[in-house]
Amino acid sequence: MLKASSRAITHFSLLLACALFIGWLIGHIADTLALALFIWSVVQIHQLRKLQHWLAQELVTDPPDAKGEWGDVFDHLYRIRKIRRSRESQLLDKLSRFQQFSAALKDAVVILDQQFNMQWWNLASEQLLGLKNQSDQDKPLFNILRDPSFIRYCQRGDYSEPLLQKSPHNANIELQYTITEFGESEKLLVARDISDLTRLEQTRQDFVANASHELRTPLTVIRGYLETFLDQGNLPRPLQKAMLQMQQQSDRMQSLIGDLLTLSRLDSTEMNLDDEPINVSRLIISILDSAEQAAEGKKHHISVDLAENIGLVGKEKELHSAFSNLFYNALRYTPEGGEIKILWRCDDHGGYFSVTDNGPGINSIHLDRLTERFYRVDDDRSSDTGGSGLGLAIVKNVVLRHQGQLNIDSALGKGSTFSCLFPLETLVEL
Ligand code: ADP
């Protein structure tokens with residue numbers, strides 16, 4: 001373009017010089033200059049009109065014939081138009097591929113702005129969430145998804161865990177919602193249909209619950225006979241030893257079945273809070289009173305520090321199961337003469353129940369997996385103590401149902417602290 005403008009200046013200067021010379025020759029400088037300017041303007045206007053006409057065409061046709069600086073301008077514009085058209089078609093191609101891809105997605109994907117207004121969504125969102133094409137554009141998501149727990153989940157800002165809920169559009173569809181933040185606090189909401197997984201999980205839960213339930217009766221009969229035989233007391237020594245071992249193993253089996261049934265009850269029941277707040281201190285003392293057998297005469301030093309005026313809203317039976325699991329673990333894994341501290345207190349963050357011991361501790365590589373079902377650090381250690389690997393899974397499940405959090409702090413050779421943190425809103429003054 002620079003070339004064209006300098007060429008135009010040269011041509012214009014030449015024209016003026018010629019007009020001046022001819023004007024001087026014939027003695028009419030002003031007239032010849034005016035005539036030259038007029039011719040120059042007519043040529044420019046003509047070229048401009050050609051340009052305008054050419055630019056108005058939708059298709060990029062060959063540029064009009066032109067020489068000199070206008071030829072340069074047309075060539076330059078032609079190149080720019082061609083590049084722009086090719087970029088446009090590439091972009092359109094990408095857009096149509098993106099549209100095909102988003103339409104093929106089985107998950108509902110919704111893009112939200114900072115205020116949770118819907119900016120864009122794919123076809124599956126219309127089937128899974130009931131969003132309507134165009135008419136819902138820029139409307140708040142909560143106009144459509146009105147469930148209070150969904151709104152709380154979105155507004156809480158912590159999206160590390162997904163939310164499971166039925167589809168607002170079809171109650172037979174179970175959805176898993178996840179939210180990812182991007183850009184300037186914009187959000188990508190993904191809802192996945194997990195109905196098949198949920199049905200499979202339900203079948204698994206039913207199977208475990210039924211199998212555990214069915215095993216209970218034959219086990220009770222076996223335990224009854226074993227007790228009767230052992231009570232007679234006149235068995236030959238080798239038989240008595242075998243019988244005692246059978247009794248020990250059947251006790252283990254019974255506690256395993258009990259734990260499995262507890263877990264399937266926790267998995268399958270909705271959380272209904274007890275009307276009356278739970279007196280946590282009294283609950284802890286009742287657990288301590290009934291723990292003598294588990295202590296197996298190991299003479300632990302047990303210290304207790306309880307905030308007696310703080311209660312908790314929750315399910316007493318479940319909390320009893322969780323707290324006693326932690327306390328019994330401390331008793332079982334801490335060697336003779338060890339120290340165990342039980343704490344129930346409250347501060348600005350919430351209420352804490354914790355059990356600390358100076359037992360063998362746990363290697364940090366196991367900590368993340370400790371609450372998985374049947375996960376045991378050391379099979380020998382656990383079977384010595386009659387453990388099933390389900391205790392901490394029960395604790396975590398109960399604590400989560402009470403909107404709490406289970407923390408495990410442990411180091412090999414230094415003991416362990418298991419603490420359950422309950423949010424302030426679940427605490428009550430007694
Ligand atoms: P288990 O029935 O085997 O005790 P848990 O789920 O209660 O199952 O515990 C999982 C594992 O965590 C146990 O196998 C044990 O190795 C370890 N563990 C739990 N509590 C303690 C503790 N207080 N001290 C040391 N190890 C522990």
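This is a predicted model: local features need pLDDT of at least 70, side-chain atom pairs count only at pLDDT 80 or more; totals for chains, interfaces and linings use all residues.
## Two strands side by side

β3 and β4 run antiparallel and are joined by four bridges. Strands count as paired if DSSP finds at least two bridges between them. Strands here are DSSP runs of E with at least two residues, helices are runs of H or I with at least four, and both are numbered from the N terminus.

Residues are numbered from 1 along each chain as its sequence is written, and side-chain values use heavy atoms, with hydrogens and water left out.

## The whole sheet

Zoom out, and you find an open sheet of five strands in the order β2-β1-β5-β4-β3, with antiparallel pairing. β2 (118–121) and β3 sit at the edges, each pairing on one side only.

## The largest pocket

How big is the volume of the largest pocket? It comes to about 2600 Å³, counted as the space filled by probe spheres set on grid points, which are joined across faces, edges and corners. A pocket is an open set of points on a 1 Å grid over the protein atoms alone, where a 1.4 Å probe fits, with protein on both sides within 12 Å along at least five of seven lines; lining residues have an atom within 4 Å of a point.

Among the 42 lining residues, Pro-162, Leu-163, Leu-164, Leu-400 and Arg-401 are the closest to the centre of this pocket. α6 gives the most to the lining, with six residues.
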